[in-house]
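Trainee: I am new to this structure. Could you show me how to read it, one feature at a time?

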Amino acid sequence: MFKKVYLDNAATSWPKPKRVVEAMSNFLIRQGCNPGRAGYDCSIEAGRQILKTREKITKFFGGISPENVVFTQNITYALNFAFYGLIKKGDHIITSDLEHNAVWRPLKTMEKKGLISISVFPFSQKEFSPEEFSRLLKPETRFVVINHASNISGQVLPVKEIGAAIKDREIFFVVDTAQTAGSLSIDATEIGIDVMGFTGHKGLFGPPGVGGMVLSERVAEIIKPVFQGGTGSVSDSEFQPGFLPDKMESGTPNTPGIIGLREGIEFIEEEGLVSINKKTEKLKDLLQKGLEEIPGVKIVSGPGEDFVSTFSITMEGQDPGFLAYYLGEKGIMVRSGLHCCPAGHRALKTFPEGTLRFSPGYFNSQEEIQFTINTFEKIVTGK
Ligand SMILES: Cc1ncc(COP(=O)(O)O)c(C=O)c1O
């Protein structure tokens, strides 16, 4: 019936809004110059486009200033920049048991080298309690690092409550919004987030290859660059500029990607974040309920009521990889396995097989969801 049903928006959103594609291609056809590197028109215009995107992101995420928006190629780079640019030997870090490898691997590597110690709050099992959370705090606790929503179960973690629990302390709050930016409203300053990492290609509807971070003032002052190189500014100096965003942005930026990201955010503003969320939530509920009724299907969930439109299932006696393959044969695209999140699967007791993950997006229809339920049922029942 359908040629393709794309249900892997947690990996990357697809299709992209037409305006994203058009703006990127217009830039490459009509301007396409290197921003901030020369005095001719199209270089100045490219720089202006990047500034406009910084302004858009500042407003969209409640940042304090466009200079405090740093562009990277994705959130993995942004988080690594934050860790390697801020963490010092002896620091203690609190994180969750649902972290993606973008957080887990750098932190575990630093721990293995004896640089840091880590405490884990079991968000996959327990609802947040300020008292229990406070028991993890130590005099040397310098960071709390968590994802805003799990990329396995879609469980939303309580960033507002955590922000309130560590407010007025010398503890930096780092939040990975890979699964929430564009679907939940986030005010980084109000929540007290010091490093809000974002990736452009998922809920923000931008292209792959662009992401970044929104920095608080106290972090902006002390963060150290991981890379040094050309910034198009203070070229007479042998050293990296000390001011943002140049301090953290070396080399030619992904200008078309940055423009595409701004268009993605403008698309969200035009459609309305709430109505986008309402639609994807409805599709997710329909799919989850439909699959749940099939004997043997188990939803991989977590405590609380708050979930984004991503969820995982396991199926008794069935390998998630095979199920994804059979769905793929019918044109239904979903992801199976560990989703770059072995820590989360261990916590959810779905390691090492992993799960079958469904993540409907704004461009899916109810008919596609019903087709997916029917097809899945046929695959597992053989009827
Ligand atoms: C929670 C979470 N964090 C980080 C990432 C990494 O995103 P990117 O590959 O865009 O850096 C992902 C991607 O799936 C994710 O789901």
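Mentor: We will go through domains, helix pairs, the ligand shell and some backbone details.

Mentor: First, the ground rules. Residues are numbered from 1 along each chain as its sequence is written. This is a predicted model, where local features need pLDDT of at least 70 and side-chain atom pairs count only at pLDDT 80 or more, while totals for chains, interfaces and linings use all residues.

Trainee: Which domains does the assignment give for the protein chain?

Mentor: Domain bounds come from an automatic or database domain assignment. Here domain 1 covers 5-16 + 272-381, and domain 2 covers 18-270. Their C-alpha centres are 27 Å apart.

Trainee: How many residues does the contact take from domain 1 and from domain 2?

Mentor: Two residues are in contact if their C-beta atoms, placed from the backbone, lie within 7 Å. Domain 1 gives 31 residues and domain 2 gives 32 residues. On the side of domain 1 that touches domain 2, the elements giving two or more residues are helix H10 (273-292), strand S10 (311-315), helix H12 (342-347) and strand S13 (355-358). Helices (H or I, at least four residues) and strands (E, at least two) are DSSP runs, numbered from the N terminus.

Trainee: What classes of residue are on that side of domain 1?

Mentor: Ala, Val, Leu, Ile, Met, Phe, Trp, Tyr, Cys and Pro count as nonpolar; Asp, Glu, Lys and Arg count as charged; the others, Gly among them, count as polar. That side of domain 1 has 13 nonpolar, 15 polar and three charged residues.

Trainee: At what angle do H10 and H13 pack?

Mentor: Axes are lines fitted to C-alpha atoms, for helices over the stretch in contact, and angles run from 0 to 180 degrees between N-to-C directions. H10 and H13 pack at about 15°, with axes 10 Å apart. That makes H10 roughly parallel to H13. Angles under 35 degrees count as roughly parallel, over 145 as roughly antiparallel, 65 to 115 as roughly perpendicular and the rest as oblique. The H10 residues in this contact include Leu283 and Leu286, and those of H13 include Ile369 and Phe376. The contact divides into seven nonpolar, three polar and no charged residues.

Trainee: Where do the axes of H11 and H13 stand?

Mentor: Helix H11 (residues 320-329) and helix H13 (residues 366-381) have axes that come within 10 Å and cross at roughly 125°. That makes H11 oblique to H13. Leu323, Tyr326 and Leu327 of H11 meet Thr375, Phe376 and Ile379 of H13. Five of these residues are nonpolar, one is polar and none is charged.

Trainee: Which residues are around the ligand?

Mentor: A residue is near a molecule or strand if its C-beta atom, placed from the backbone, lies within 6 Å of it. The residues around the ligand include Asn74, His100, Asp176 and Gly211. By class, the shell has three nonpolar, eight polar and one charged residues.

Trainee: Which peptide bonds are cis?

Mentor: Most residues other than glycine have a negative phi, and most peptide bonds are trans. Trp14 and Pro15 are joined by a cis bond, with omega about 0°. Pro15 sits in the loop between strand S1 (5-6) and helix H1 (18-31). The bond from Phe351 to Pro352 is also cis, with omega near 5°. Pro352 is in the loop between H12 and S13.

Trainee: What is the phi of Asp168?

Mentor: Asp168 has a positive phi of about 65°, although it is not a glycine. Asp168 lies in the loop between helix H6 (159-166) and strand S6 (172-176).
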